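Me: I have a structure open and want to learn how to read it. Can you take me through it feature by feature?

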Amino acid sequence: MPTYKDIDYALTRSDRSKTASIYVERDGSISVRVPDHFTDEEIEALIEQKRYWIYKHLAEWRELNAAQVEREYVNGEGFLYLGRSYRLQWVDEQRLPLMLKGGYFLLRRDPKTQADPDTAFKAFYREKGGEKIPQRVAMYAPQLGVQVNDIRVMDLKHRWASYSTKTGNINFHWRCMMAPLTVLDYIVVHELAHVLVPDHSPAFWSEVDKILPDYRERQRWLREHGAGMDL
Ligand SMILES: [Zn+2]
């Protein structure tokens, strides 16, 4: 990974990009994308020019991630479901490894779940998402006048959801189930709007705006809380 002064960055050269750009990624790493013909000197000049912007964004990123406390699987620890925090309680016996019951996340004390509670939570979110998300898609798709093929809930690494024009499928990250329903709906409408407009042009946002005039507020929630939503 190249370094300029104290800044490590991942470099991508592309003949498709006409302008250079710098991003702070979701994981706090820095990506620099430049047109093919850029020299090392030009890249360093670009980073130098953007140095304070980078520091500012890194500081913001760290602040956001202070919310991303490594959650511990101990009684009383809070876990999110549809925007609400529920406390964890270990129980000796129940039908499933993890259940949401009486306002608590009940986790079954068995060797498998104790060794890997993450998996029990991911399975919970995937299952709930598999029920809830298709309902929300079915509600909004007719409003946008679109149809989708398959809806899947999975691990998407760095994205909340993605729509494939090739297959007509929408994939959702299981983490979407941690967000409030209003925010989940924004993610749904966002992907459905991509059926009409593939990019994030003004035409795209106008489609989103028709269905959710307050979408900016919902976006803000994602930006502010997104980093704290991992397990
Ligand atoms: Zn998008």
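**Reading the model**

Reply: Start with Phe124, which counts as buried at 6% relative accessibility. Buried means under 20% relative accessible area, exposed means over 50%, and partly exposed lies in between (1.4 Å probe, protein chains only). A word on the source: this is a predicted model, where local features need pLDDT of at least 70, side-chain atom pairs count only at pLDDT 80 or more, and totals for chains, interfaces and linings use all residues. Residues are numbered from 1 along each chain as its sequence is written, and side-chain values use heavy atoms, with hydrogens and water left out.

Me: How much of the protein is buried, and what does the protein span?

Reply: Buried residues make up 42% of the 231 residues. The C-alpha trace spans about 65 × 45 × 30 Å along its principal axes.

Me: How many helices and strands are there?

Reply: Helices (H or I, at least four residues) and strands (E, at least two) are DSSP runs, numbered from the N terminus. This protein has seven helices and 12 strands.

Me: How do I read two packed helices?

Reply: Two packed helices are described by the angle between their axes and the distance between the axes. Axes are lines fitted to C-alpha atoms, for helices over the stretch in contact, and angles run from 0 to 180 degrees between N-to-C directions. Here, helix 4 (residues 117–144) and helix 5 pack at about 50°, with axes 9 Å apart.

Me: Which word describes how helix 4 and helix 5 lie to each other?

Reply: They are oblique to each other. Angles under 35 degrees count as roughly parallel, over 145 as roughly antiparallel, 65 to 115 as roughly perpendicular, and the rest as oblique. The crossing of helix 4 and helix 5 is right-handed. A crossing is right-handed if the near helix is turned clockwise from the far one by less than a right angle, and left-handed if anticlockwise.

Me: Which residues are the protein donors of the zinc ion?

Reply: Donors are N, O and S atoms within 2.8 Å of the metal (3.2 Å for Na, K and Ca); water is not among the atoms, so sites may look incomplete. For the zinc ion, the protein donors are His190 (NE2), His194 (NE2) and His200 (NE2), lying 2.0 Å from it. Their spacing in sequence is H-x3-H-x5-H. His190 and His194 sit four residues apart in helix 5 (residues 181–196), so about one helical turn separates them. Both His190 and His194 are buried.

Me: How many aromatic pairs does the structure hold?

Reply: Rings of Phe, Tyr and Trp (its six-membered ring) pair if their centres lie within 6.5 Å; planes under 30 degrees apart count as stacked, over 60 as edge-to-face and the rest as tilted. The structure holds 14 such pairs. Tyr73 and Phe79 are stacked, because their ring centres are 5.4 Å apart and their planes are at 20°. Phe124 and Tyr125 are edge-to-face, at 5.7 Å centre to centre and 80° between the planes. Tyr125 is buried, with a relative accessible area of 0%. Ring pairs link a cluster that includes Tyr73, Phe79, Phe124, Tyr125 and Trp174.

Me: Where does the charged end of Arg175 sit?

Reply: A charge sits over a ring if NZ of Lys or CZ of Arg is within 6 Å of the ring centre and within 35 degrees of the ring normal. The charged end of Arg175 sits over the ring of Trp160, 5.0 Å from its centre. Lys50 lies over the face of Trp53, 5.3 Å from the ring centre.
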